[in-house]
There are 2 protein chains.
Amino acid sequence: MSGMPADWLGNERILYVVYPKFTALDMVGPHYMLSNLVGSRNHVVARTKAPVTSDTGLVFMPDYDLDSAPADPDIVVIPGGGMGTLEALKDDALIDWIRRIGQGKTLMTSVCTGSLLLGQAGLLRGRRATSHWVARDSLAHFGAIPVAERWVEDGPVITGAGVTAGLDFGLSLVAKRRNDEFARCVQVLAEYDPHPPFQAGTPEKAGPTTMATMNAMFVGFDDHIRHLAERQRR
Amino acid sequence: MSGMPADWLGNERILYVVYPKFTALDMVGPHYMLSNLVGSRNHVVARTKAPVTSDTGLVFMPDYDLDSAPADPDIVVIPGGGMGTLEALKDDALIDWIRRIGQGKTLMTSVCTGSLLLGQAGLLRGRRATSHWVARDSLAHFGAIPVAERWVEDGPVITGAGVTAGLDFGLSLVAKRRNDEFARCVQVLAEYDPHPPFQAGTPEKAGPTTMATMNAMFVGFDDHIRHLAERQRR
């Protein structure tokens, strides 16, 4: 862009980690925001270079497998998912990769239950962190301190709440990487002026009737996570 | 799900049309909401079955090409994009497909500048419609009546505003296809309790300084659309 302020230009290398049955919106929300960082290079990484199908059936082609991915990205974004994320907690190659990258200078981030993968990699011990409401308290199984916020920054780790929180976390990170005025440009480009037709976006706002239905869908989820977290301590 | 209310089950066939340099979030937002409609079948359609790269570099594998796609979907969702959408306005095979489907009983919907494609297919003549703010007034070139709302329903056509409006439009359509309580469940599943870190989501809220920057990025956009709309009238 001609006439672009000099402080708009950066050169971040940002990796988005996908795995079978991940939630596409968890990844695409922050990807929209962060890929607007002028000069940034945004790539999708998966266990292999084979197509990866999301939990709602969208099929993505990764740019890199774990072995070929840049070893020192500036930012890693890890989306969540339902049963797919629980399966990923057992994927030692994936968890080892997250742990290895997380030991460097990379800003490690997650949306939704992606924080469970950060936890399994040992990156949340003693840190304040959040997740989708269904899994937030389960973060304690990884030694984290669960926090009910839209997104939580603690040292080199930022965790977002469920699914759509990736938009808010992503835009806040855009401001942090450039400045508020640049983030305002990205916000109006996204026309991010939300008008949800209902007010049921948190368990508290949704209320007991809706939550009785939802909680019935997730019976045993915490037990499952606790069991999987034991892999880490072996 | 055991114990699921009987009126939660449907069987919609929903097609999402993608094309080179479309905006992934325009499609993935409503896809998240609508694919939660229990019993719905959600598929991605493109000009060919080759991988399609979004404007931010995400690579999607389509389920169908235009010829093999189901001919009588219940709902079609058309995302927008920047220059990619302008290129798509010249793709006669794509526009003809949209026109043909739109002459049946299908609910035709768009997010962002996807409404330009509905317009090029002749489906917005005399109808109230919206688009991304940058292209909203340009809808008049297709005989539409531009409206500044988050989403606009007029007969068998629903158009959404820019990018993130697909979440609001998608959730409202979930309520319409089932009921409000079901939509509230989907909203809390998405943890859709938006907390934008800034208040700059519309041109009015962004204000003159930010909009001076933005408008400089889109000089000539309306002229380009007007020129392309003339193809339709030949």
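**Close-up 1. Strand pairing around β1 of chain A.** In β6(A), A:Ile75 is the bridge partner of A:Ile14, in a model that is predicted rather than experimental. Strand β6 (residues 75-78) of chain A runs parallel to β1(A) and is joined to it by 3 bridges, where two strands count as paired if DSSP finds at least two bridges between them. Strands (E, at least two residues) and helices (H or I, at least four) are DSSP runs numbered from the N terminus. Strand β2 (residues 41-46) of chain A also runs parallel to β1(A), with 5 bridges between them, and within β2(A) the bridge partner of A:Val17 is A:Val45. From β1(A) the chain passes through helix α1 (residues 24-35) of chain A to β2(A) in a right-handed β-α-β crossover, a term meaning that, with the strands pointing away from the viewer, the path from the first strand over the helix to the second runs clockwise. Strand β1 (residues 13-17) of chain A is mostly covered, with 4 of its 5 residues buried (buried: under 20% relative accessible area, exposed: over 50%, partly exposed: in between; 1.4 Å probe, protein chains only).

**Close-up 2. The aromatic pair B:Trp8 and B:Phe182.** Over all chains the structure holds 11 aromatic pairs, counted when the ring centres of Phe, Tyr and Trp (its six-membered ring) lie within 6.5 Å, with planes under 30 degrees apart called stacked, over 60 edge-to-face and the rest tilted. The ring centres of B:Trp8 and B:Phe182 are 4.8 Å apart and the planes stand at 75°, so this pair is edge-to-face. Because B:Trp8 belongs to the segment before β1 (13-17) of chain B and B:Phe182 to helix α6 (residues 180-189) of chain B, the pair ties together parts that are 174 residues apart in sequence. B:Trp8 counts as buried at 5% relative accessibility, and B:Phe182 counts as buried at 3%.

**Close-up 3. An aromatic cluster with residues of chains A and B.** A:Tyr19, A:Phe22 and A:Phe60 form one aromatic cluster together with B:Tyr19, B:Phe22 and B:Phe60. For the complex, the predictor gives an ipTM of 0.95 and a pTM of 0.96.

**Notes on the model.** Residues are numbered from 1 along each chain as its sequence is written, while chains are lettered from A and ligands numbered from 1 in the order in which they are written. Local features need pLDDT of at least 70 and side-chain atom pairs count only at pLDDT 80 or more, whereas totals for chains, interfaces and linings use all residues, and side-chain values use heavy atoms, with hydrogens and water left out.
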